[in-house]
Amino acid sequence: MRSCLPVRRLLGIILLLAANPLSATDIWSGAAFSADAAALRQAAQTVKAEKHTDATVLINDLRFQFDESGKAVQTRHLIYRVETQKGVEGWAESSGYWKAWHQSRPEIRGRVITAEGTEHWLDSKTLNDVAVHSNVPETYSDQRKYGGPLPAVAIGAIVEEEVVTRDTAPMFAAGNVERWRLAWSAPVNRTHIVITHPVSVVFHYQLQLMPDAVVTKATENGVETITIENGPQAALQQHFPNLPPDVVDYPQLEFSTGSSWHELAAEYARLSEEKLKASEVQELLPTINVKDGSRLERIRRIVAAAHKNVRYTGIEFGESSLIPQLPSETLKRKYGDCKDKAALLVAMLRAAGIPANLALLDAGQGRDVNTELPGMGIFNHAIAYIPASGKEPELWVDATAQYSQVGTLPWMDYGRWALVVSDKT
């Protein structure tokens, strides 16, 4: 009979453990879908809903894993509670964005736990893949959005989702930069970020407007792991338009795999210089008077001819989302996007004996490129740069600004940093 006592004591320990589920902290730091529905709902009860919020983000868990080539695996694990009917309408989809030329389609998992404790899993058959720019005039892109509706979303429901996006190739050999917004229109109970990269891969990061975040670093077997933890964070209440381009207006994480702006400019020049030869524009150049008049007058004639012969149309398929087409191909098509038109203009200027280079920038409103983090990812526009010559000042020409005089840039270009594409930059 004595042999039964240890068994009973062990059984009591098991029952005791079963009666005390994992703490909320353990659940939020656990792997995706590792907590059962009852434990997750119990942990969520410790996080009170704020007034006038449509949802409460219980955990925003981001993971970035880089390999030796610079390819990344991005994992977004999110758990939130729906608080209002408006939240039901606005938080009932799971999706991920991807670029087919260097990423695979996102892998999505999700479940919804109703207020009654019933668990509903996302049905992969309801997911769909659509073009991101399908409703944008004059823009054709292979950027995609993959996702679909979540089941049984209602007030009080808890939603858990995981979206994994894998690079199939590095976005740009000389380095990429990404900017992740860490603020929501809803309060965030906890933010957890893990970044791993080989120490041989250049990696720089900046954490903005998160003064209470705790950052730890560890290196093992040639891999550095950076962990960022942040506690409760209030919802963003308002947006401030027209801020100076160097102002950070919301919490964010930025990271870069580029070693220097010089290396970035030199690599882009290597990929684009062969497309800027005079032979590429021989079809058009003889129709323009490029010998008479001042330098400014000759530039104006060349710019006018470029506008007349090529209309703007955004083409962003594959590598052409980064690198311009051959000017001869642009002239053949009679259309091109900003980098195609800028490359055509630079080739025409050089053929006329006027030095010129491509220049990359992040045009528009909002925060500009962070000059401390070199990488390709933030740039969204290309223009032409004509350096000063003698008494002639330097010029910046936007080849898509058909109604702007040479020497006058459109508003979206003013006050922005520009990277001149040259191995001497």
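**View 1. Arg181 and its bridge partner in β15.** Arg181 has Gln252 of β15 as its bridge partner. Strand β15 spans residues 252-256 and is joined to β10 by five bridges, the two strands running antiparallel. Strands here are DSSP runs (E, at least two residues) and helices likewise (H or I, at least four), numbered from the N terminus. The model is predicted, so local features need pLDDT of at least 70 and side-chain atom pairs count only at pLDDT 80 or more, while totals for chains, interfaces and linings use all residues. Residues are numbered from 1 along each chain as its sequence is written, and side-chain values use heavy atoms, with hydrogens and water left out.

**View 2. The open sheet of three strands.** The strand order is β10-β15-β12, with antiparallel pairing; two strands pair if DSSP finds at least two bridges between them. Because β10 (177-181) and β12 (204-208) are edge strands with a single partner each, one side of each has no neighbour in the sheet.

**View 3. The largest nonpolar core.** This core holds 52 residues, and Ile302, Met348 and Met376 have the most contacts inside it. A nonpolar core is a set of buried (under 20% relative accessible area, 1.4 Å probe, protein chains only) Ala, Val, Leu, Ile, Met, Phe, Trp, Tyr and Cys residues joined through side-chain atoms within 4.5 Å. Elements giving two or more residues include α5 (261-272), α6 (295-309) and β20 (381-386). The most come from α8, with nine residues.

**View 4. The surroundings of Ile302.** Not counting residues up to four places away in sequence, Ile302 touches Ile288, Val290, Leu345, Met348, Leu349, Ala352 and Ile354; contact means heavy atoms within 4.5 Å.

Methods. Buried < 20%, exposed > 50% of the residue type's maximum accessible area, 1.4 Å probe, protein only.
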